[in-house]
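This briefing is meant for a reader who is meeting the structure for the first time. Please look over the sequence and the model before turning to the points below.

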Amino acid sequence: MSGVARYIYEYSPNYTIAGYILLAVIFVLTAIVYHLGFARTALKAWQTAVIYVFLFLGCIILTFLAFFLPMVEGLIVAALVLIVYKVRLRRDKKKEATS
């Protein structure tokens, strides 16, 4: 198991709850990465709901892969890279607007 998945499975009360916790962690991180990198603000509410349903279904597959591959760690790195990108983009736009 990878680092975060092993930690979740070692400190959870049982394996079923640990699986749900791992699924929730992967879903939250995937939603953050989607929101930071790919989301559009011009979508209707039902379109966003459909996207998140399919995102959740994909996270089920990622949860099975997280047992042997560092999925959570990769999602954390992706989120950090996108956060740095957004901060720098916002700073450049603010600097450009004041110039």
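What follows is a set of notes on a few residues and helices, grouped by topic.

The model is predicted, and every value below is computed from it.

**Helix 2 and its surroundings**

- Helix 2 is made up of 23 residues, and the distance from its first C-alpha to its last is 33 Å, which is close to the 33 Å expected at 1.5 Å a residue.
- The N-terminal end of helix 2 is capped by N14, whose side chain places an oxygen 3.4 Å from the backbone nitrogen of T16.
- The buried residues of this helix are A18, G19, L22, L23, I26, L29, T30, A31, V33, Y34 and L36, and the cover over them includes helix 1, helix 3 (45–65) and helix 4 (71–98).

- S12 counts as buried because its relative accessible area is 14%, and buried means under 20%.
- A polar atom of the S12 side chain lies 2.6 Å from the backbone oxygen of I8.
- When residues up to four places away in sequence are not counted, S12 touches A18 and I21, and A18 is itself listed among the buried residues of helix 2.

- Y52 and Y34 are separated by 18 residues in sequence, while their C-alpha atoms are 9.5 Å apart in space.
- I60 is also found in helix 3, where it counts as partly exposed at 32% relative accessibility.
- I60 belongs to a nonpolar patch on the surface, formed together with W46, V50, V53, F54, F56, L57 and F64, and these residues have about 810 Å² of accessible area together.

**S2, before helix 1**

- S2 is located in the segment before helix 1.
- With a relative accessible area of 10%, S2 falls under the 20% limit and is therefore classed as buried.
- Leaving aside its neighbours within four places in sequence, S2 is in contact with A66, F67, L69, P70 and E73.

- A polar atom of the T98 side chain lies 2.9 Å from the backbone oxygen of K95.
- S99 lies in the segment after helix 4, and because its relative accessible area is 78%, which is over 50%, S99 counts as exposed.
- S99 and A78 are 21 residues apart in sequence, and the distance between them in space is 32 Å from C-alpha to C-alpha.

How values were computed
Residues are numbered from 1 along each chain as its sequence is written. This is a predicted model: local features need pLDDT of at least 70, side-chain atom pairs count only at pLDDT 80 or more; totals for chains, interfaces and linings use all residues. Side-chain values use heavy atoms; hydrogens and water are left out. Buried means under 20% relative accessible area, exposed over 50%, partly exposed in between (1.4 Å probe, protein chains only). A polar contact is a pair of N or O atoms within 3.5 Å; within protein, one must be able to donate a hydrogen and the other to accept it, and residues adjacent in sequence count only if both atoms are side-chain atoms. Contact means heavy atoms within 4.5 Å. Helices (H or I, at least four residues) and strands (E, at least two) are DSSP runs, numbered from the N terminus. The expected span of a helix is 1.5 Å times one less than its number of residues. Patches are made of residues with over 30% relative accessible area and no salt bridge: like charges are joined within 9 Å, nonpolar side chains (Val, Leu, Ile, Met, Phe, Trp, Tyr) within 5 Å. Accessible areas come from the Shrake-Rupley method with a 1.4 Å probe; for residues, only the protein chains shown count as cover. A salt bridge is a side-chain nitrogen of Lys or Arg within 4 Å of a carboxyl oxygen of Asp or Glu.
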